[in-house]
Amino acid sequence: MKKVACLGALGVVALLAHCAPPRVETQVATPVAPPAPSADAAVRIEARHFEGTLAELPTALAQAGDALAQVTAKMTKARPDAPPAGNVKLSDLHPSFAKYEGKEGQDFLVGARAKDGTPIAFAYVRVGAPPYDGFFDAVTLLYALCWQATQVVHRLREEAAAALQIVAADLDTMDPVKGQVDKALASPGADPAIVAEMKTLSAMAQGLAVLVAEHAGRLGALVKTEEGLFAATQVPLVKEGLTDGVALVIQAARRLVGLRQDLAGYGV
């Protein structure tokens with residue numbers, strides 16, 4: 001018996017096609033407030049003072065990612081004769097992202113950290129059996145996509161607010177980010193450095209929107225693959241890894257719903 005109840009393949013497809021759950025907004029640690037400006041001072045954020053923050057994933061998705069990371073470490077340690085574990089890089093999401101790889105403010109997989117500060121490595125186990133290795137690779141790639149897309153959307157909102165010389169909290173996170181970015185890019189007072197950053201991330205958002213839609217269409221097949229692999233193995237640790245993997249897929253499905261709304265207008 002599996003340790004957790006999971007949606008079947010049709011359930012995941014239904015979630016993406018018909019489910020309109022309440023939006024789970026990303027949570028950001030409250031920054032230390034700067035000294036209050038004088039009553040007649042304009043609210044202005046200069047590019048040299050702009051420092052982006054990281055968004056937190058929805059709690060359930062973050063917990064699923066942490067659980068998979070823990071079992072990945074256990075499986076890797078238990079099979080010293082197996083191929084070495086792999087790590088998802090930005091270019092693994094799509095080759096066109098290679099130009100952003102390793103760049104601060106663009107590659108959010110590098111230096112990714114959980115809410116408690118624990119590093120997120122986006123590592124996947126290789127047990128030496130291609131069907132199983134392919135599943136763990138695909139699940140970790142999905143998790144990395146959710147993280148990267150979430151950070152890009154969040155950073156674009158921050159940059160749009162900075163370009164519009166308002167605080168980020170004034171932007172409605174329920175609205176697609178593209179409209180906010182377009183308004184910021186058209187602002188005559190927008191700082192050129194921030195405009196350049198928005199254009200770079202907007203170009204990435206185009207590709208991310210396509211990837212989010214593509215991965216959403218593969219989730220049902222991924223769940224069915226896990227069901228077959230789970231039935232075929234008798235190794236308890238591998239079964240645990242598969243269970244944690246499909247739990248992450250289900251939480252990622254919910255996140256992809258939100259990301260498709262966030263990125264509406266991109267990728268078309």
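**Labels and their grounds**

A: Gln165 lies in the loop between α4 and α5 (177–185). The model is a predicted one, and Gln165 has a positive phi of about 60 degrees although it is not a glycine.

Q: What makes the phi of Phe122 worth noting?

A: Most residues other than glycine have a negative phi. Phe122 is not a glycine, yet its phi is positive, about 50 degrees. Phe122 is placed in the loop between α3 (90–93) and β2 (123–124).

Q: How do you know whether Phe122 is buried or exposed?

A: The relative accessible area of Phe122 is 4%. The cut-off for buried is under 20%, therefore Phe122 is buried.

Q: Which residues touch the most other members of the largest nonpolar core?

A: They are Phe122, Leu156 and Met198, in a core of 70 residues. At least two residues each come from α2, α3, α4, α5, α6 (192–216), α7 and α8 (236–262). The most is given by α4, with 19 residues.

Q: What is Met198 in contact with, leaving aside its neighbours within four places in sequence?

A: Met198 is in contact with Leu156, Glu159, Ala160, Ala163, Val181, Ala184 and Leu185. Contact here requires heavy atoms within 4.5 Å.

Q: How do you know that the length of helix α7 (residues 219–232) agrees with its number of residues?

A: At 1.5 Å a residue, its 14 residues should span 20 Å. The end C-alpha atoms of α7 are 20 Å apart, so the two values agree.

Q: Which residues of α7 are buried?

A: In α7, the buried residues are Leu219, Gly220, Leu222, Val223, Glu226, Leu229 and Phe230.

Q: How do the axes of helix α2 (residues 59–78) and helix α4 (residues 130–164) cross, and what angle is found?

A: The two axes come within 12 Å and cross at roughly 145 degrees. The crossing of α2 and α4 is left-handed. On the α2 side, the contact is made by Leu61, Ala62, Gly65, Leu68 and Met75; on the α4 side, by Phe136, Val139, Thr140, Tyr143 and Cys146.

Q: What makes up the contact of α2 with α4: nonpolar, polar or charged residues?

A: The residues of this contact divide into 8 nonpolar, 2 polar and no charged.

Key: Residues are numbered from 1 along each chain as its sequence is written. This is a predicted model: local features need pLDDT of at least 70, side-chain atom pairs count only at pLDDT 80 or more; totals for chains, interfaces and linings use all residues. Side-chain values use heavy atoms; hydrogens and water are left out. Axes are lines fitted to C-alpha atoms, for helices over the stretch in contact, and angles run from 0 to 180 degrees between N-to-C directions. Helices (H or I, at least four residues) and strands (E, at least two) are DSSP runs, numbered from the N terminus. A crossing is left-handed if the near helix is turned anticlockwise from the far one by less than a right angle, and right-handed if clockwise. Ala, Val, Leu, Ile, Met, Phe, Trp, Tyr, Cys and Pro count as nonpolar, Asp, Glu, Lys and Arg as charged, and the others, Gly among them, as polar. The expected span of a helix is 1.5 Å times one less than its number of residues. Buried means under 20% relative accessible area, exposed over 50%, partly exposed in between (1.4 Å probe, protein chains only). A nonpolar core is a set of buried Ala, Val, Leu, Ile, Met, Phe, Trp, Tyr and Cys residues joined through side-chain atoms within 4.5 Å.
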